[in-house]
Amino acid sequence: MKLKQAKACVLRVGGTNCDLEIKAVLTELGINTDVLHMNQAIKRGLSEYQMLVFPGGFSYGDYVRAGAIWGKEVVTRLGKDLERFIDEEKLVLGICNGFQVLVETGALPGDGASASGIPTAVLANNNSAKYECRWVRLKVESKKTPFTSALNKDQVIAVPVGHGEGRLVLQSEGMLEDLISERRVVFRYALEDGSPAGGKYPENPNGAIFDIAGICNKKGNVMGMMPHPERAFYGWQLPSWGGEPPEFGDGKAIFEGAIAYIKKM
Amino acid sequence: MRKALIKKASDSPEVYTINLRGADDEDLMQISGEMGLALSLAEMKALKKRFAKAPTDVELQTFGQTWSEHCIHKTFRGDVVTERGVVSNLLKSYIAKATNELNKPWCFSVFEDNAGLVEFDKCTVAAAKVETHNHPSAVEPFGGAATGVGGVIRDILGVWGEPIAVSDVLCFGPLDAKQEELPPGVKHPKYIYKGVVAGVGSYGNNMGLPTVSGAVIFDRQYTGNVIVYCGAFGVLPKEKYIKDTREGDLAVLAGGKTGRDGIHGVTFASADLSEEAESLRSAVQIPNPLVEERLRRATLRIRDGRLATGVTDLGGGGVSCATGEMAYRSGLGLTVDIGKMHLKEPDLAPWEIWVSESQERMLYSVPEEKFGSVSEILEEEEIEHCVLGRFDKSGRLRVEMGKKVVCDLDLETLYSPPKITRKAKEEVYHPKRVELEEPKDLEGEVLSLLSEPNLRSRESVIRTYDHEVRAATAIKPLQGPEGGPNDAAVLKPLSDSWMGLVISCGLNPFLPDAYWMAAASIEEAVRNNVAVGGRRVAILDNFVWGNPEKEDRMGSLLRACEACYDFSKALDVPFISGKDSLYNESPLGPVRPTLLITGIGIIPDVRKAVTTELKGEGNPVYVIGMTKDELGGSAYYRSKGLDGGEVPKANGPMAKAVMNALTTSMDMGIVRSCHDVSEGGIGLAAAEMAISSPRRGIKMDLKRIPSQTKRSDSIIFSESTGRFLVEADAGRTEEFDKIFYGLPGAKIGEVVDGSRLAFMDMGGKEYSIDSKRLRLAWRGY
């Protein structure tokens, strides 16, 4: 479809705070983007959108567990819409708190029904027991999802993280094997030479299993990641530049991949 | 207080009257004490005179709040008697005076509203405010610090600003203090440190605001008196700054429920911290950033819809101060029905509801026909609200509860407190000669200074604060992959403009002379701003002092204010906002007098901002500014336990000339990297540049540093003000030299391959310290 006709929706609730940054980068790439409060989204439904973003923040204060309350709200109040959205192979992206929410809904890792409401993984407290704001290197592990279609396999990109609960923990060991064999591990925290961080802090900032920074569902249309690509969209956002900064940062390619997919829808 | 003086005026609501006319001096002080008014005898006597009939407890509490040091800054507005005569109104005589005389057309609103406002670009203004939250943080570190951040963010909302960043400057006692040496009522610095750091981070992170600037200082004189400075910065379209409350407008209260938390916060902040402070835990508010996040959305939507004629945040004094101030500023009056307010618990006495400082509340004045739209927005954002009353022309502040009038005051009387007089004894620092043998090993000195608690990396704190959220932080508090320090933060607030907002701070509490301490703090805040490319700097002052009723405290405060005037003028930087926190006294004595200066500048293009990271081998390294034998209060002397030595004396006109030249050379693209020279002198500044640079280092020759001293250690660790280390483009040194013609400065070395700090001392001895060792000392890994 023509990009002009396509629309993206960025959801928010009380405590969400990265919605406007996401809207800014999607708009920059030419896709019409609405920021909708959950209450509005429930009224309007999601059918007019091709892409849905759960942005970062502290939804509902992240009380109980990061993303848990919004996750339950999504399942109970928007569950049907979301399932249909996912089953129609439209794009769903969760960043940071949004990733936590998608895991809490069961949409990720996404082994069962699209949004079962029963989490099979969790983003637990960082091993450092602290909030971590830092730039990390990510190795592109899989091109199964449209979100990495504009990147190369094994490419190393730089993006920042900012979270206190980002350590991916899976319900069972078998799940990790499945994720790996089905190429659903999308990003892994990496060392300077591009090899996986091997749990080394701070390259792996939270202690996530298998250095996982992002995963996708079986079809690849739902992706969640802890780092913030929207904060590495422009060159001037990078932590270090010699002389004039480049025009863009590595995060842009992730959104470009999504746009390319929408154009083909 | 004597029972005969109190009379129950009403059962429901429960209101008492207090017979002031029948009270003698002793009674008056008992009333002030037991009701928590924190008013002096003179003030109580003034009230006795003004009230013909017995006032209600609600009315007396209103005076207690409004006349508190916290709310009206009576010390700064009073008379000061000194040996050389009387100084009237420190604020008008020094701080605002400088601003008035500088008369900058780009100052949009100064000392008037909740925050200072300066033009950012043609259509946008920038808002800045810095507050302290010391007393609450001493009692309940997490809640005290978090609500400090929450409060200052609301100050930005209170001028219709969109908050874009926060800052924090924290001063603690040494973390290794011995528990058994702490008097009762003083909490261990480590406990306070952990709570405060977590509290600041929790609120900023939850609100989605980057914490971009700050400092952490440790000293014994902060053990009993922690300092928590919280700053917030915002932007707003000029035409959306609407403050035009009219007769007939509704007073709409929105946000969190009102409860018993934060009762008497302002009067608590206007008295010394005593052993009993623990019992005042209820004076500390409870933070809930989730509510404030929604309140921010709603406030900005109301602003964008032009649905309100005025806005203010609820801070000190709660509803009593917010409604009174809004009515008084607009030349109006107001009747408030506190029975409509949403409460956290039943059975709050009217005066408690009236003065409670429960958090996350805003007050709007709304024309009646727009109330429906305002209400709709508040409901969509899930915020409780109520109409408190309607503005009228009465000039009175009336409070009702259940149809009963519990307070009825003339606003003019309320806002005309008696002028107070303080006495000041000024002391000038006379330096002792310092006997110190010149160390044989400068390498050891550099490494040990790098690991000093006051100089080492703040990474362990900074990383727990999100400084990237909002995706608008161009220059970050930690530079590059190695996380070296930057001098100031640069934000890009607007999506369609390259213009950046530059935020810096300066404080030098260790300098042993109040005047030169203040001078250096101002100069440093500006210097840090200019070091990254900032210009057209405006400054904010935050005084944290001891009890002003004591002559020596007042004397140093007076001298600091004098420096504020002198250096604001000399550096051409107007004050736009300020706040003082006095009565920082504990059983361990007064706080170290501490003046924080926050600078906000602009940079035309964030892509031209300069960092501390070295950019190219072979580029010459210059030191700009004169190095003098000024080590009094320096990190070097302190590390050796020495007091004495000359205090650094800032030279305003010279600093201004140097900064102008630096800005010119930056705009011409000659400057590749830059770092201001402050604590630890040239040695530490050069080491930090090497630390920032993964692959490059600095090689320099101390003999080439323009200086008035000959000792290697004095030259490398002197803390003379007004200096920068600059890496210039190798091909453009002639232009650079020309710009700096006639100013003190010299090429002292160059950027070399391999991250290290190499230098030759005055005796010709050569040193080379690998950055791995510098980093290990500085950040611990």
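1. Buried area, as the word is used in this note, is the accessible area, taken with a 1.4 Å probe, that two parts lose on being put together, summed over both. The structure is a predicted model, in which local features need pLDDT of at least 70 and side-chain atom pairs count only at pLDDT 80 or more, while totals for chains, interfaces and linings use all residues. Residues are numbered from 1 along each chain as its sequence is written, chains are lettered from A and ligands numbered from 1 in the order in which they are written, and side-chain values use heavy atoms, with hydrogens and water left out.

2. The interface of the two chains may be taken first. Between chain A and chain B an area of about 3000 Å² is buried, and carbon and sulfur atoms give 50% of it. Of the area that chain A buries against chain B, 22% is supplied by Cys133(A), Trp236(A) and Trp241(A), which is more than any other three residues supply. If contact is taken as heavy atoms within 4.5 Å, then 35 residues of chain A are in contact with 41 residues of chain B.

3. Elements are named from DSSP runs numbered from the N terminus, helices (H or I) having at least four residues and strands (E) at least two. Helix H1 (19-28), strand E6 (132-140) and strand E7 (156-163) of chain A each supply at least two residues of the side of chain A that touches chain B, and the largest share, four residues, comes from E6(A). By class, that side of chain A has 14 nonpolar residues (Ala, Val, Leu, Ile, Met, Phe, Trp, Tyr, Cys and Pro), 12 polar ones (the others, Gly among them) and nine charged ones (Asp, Glu, Lys and Arg).

4. Salt bridges are counted where a side-chain nitrogen of Lys or Arg lies within 4 Å of a carboxyl oxygen of Asp or Glu. Glu381(B) forms a salt bridge with Arg12(A), with the closest N and O atoms 2.6 Å apart. Within chain B, the side chains of Glu426(B) and Arg84(B) meet in a salt bridge at 2.7 Å, N to O. Glu426(B) lies in the loop between strand E18 (421-423) and helix H16 (442-450) of chain B, and Arg84(B) in the loop between strand E3 (79-82) and strand E4 (85-88) of chain B, so the pair ties together parts that are 342 residues apart in sequence.

5. In chain B an open sheet of six strands has the order E19-E22-E23-E28-E24-E25, with mixed pairing, where two strands pair if DSSP finds at least two bridges between them. Strand E19 (473-475) and strand E25 (575-581) of chain B stand at the edges with a single partner strand each, so one side of each is left without a neighbour in the sheet. Strand E24 (residues 535-544) and strand E28 (residues 594-603) of chain B run antiparallel and are joined by eight bridges; Ala538(B) stands opposite Ile600(B) in E28(B). Helix H19 (residues 551-571) of chain B packs on the sheet, touching E24, E25 and E28 of chain B, and its direction makes about 175° with that of E24(B), where axes are lines fitted to C-alpha atoms, for helices over the stretch in contact, and angles run from 0 to 180 degrees between N-to-C directions.

6. Strand E5 (residues 107-109) and strand E6 (residues 116-119) of chain B pair in the antiparallel sense over two bridges, and in their hairpin, which has six residues between the strands, Phe111(B) takes a positive phi near 55°. E6(B) also pairs in the antiparallel sense with strand E7 (residues 124-132) of chain B, over four bridges, and these strands form a hairpin with four residues between them.

7. Most residues other than glycine have a negative phi, and most peptide bonds are trans. A cis peptide bond joins Leu108(A) and Pro109(A), with omega about -10°, and the bond from Ser12(B) to Pro13(B) is also cis, with omega near 0°. Cys96(A), which is not a glycine, has a positive phi of about 60°.
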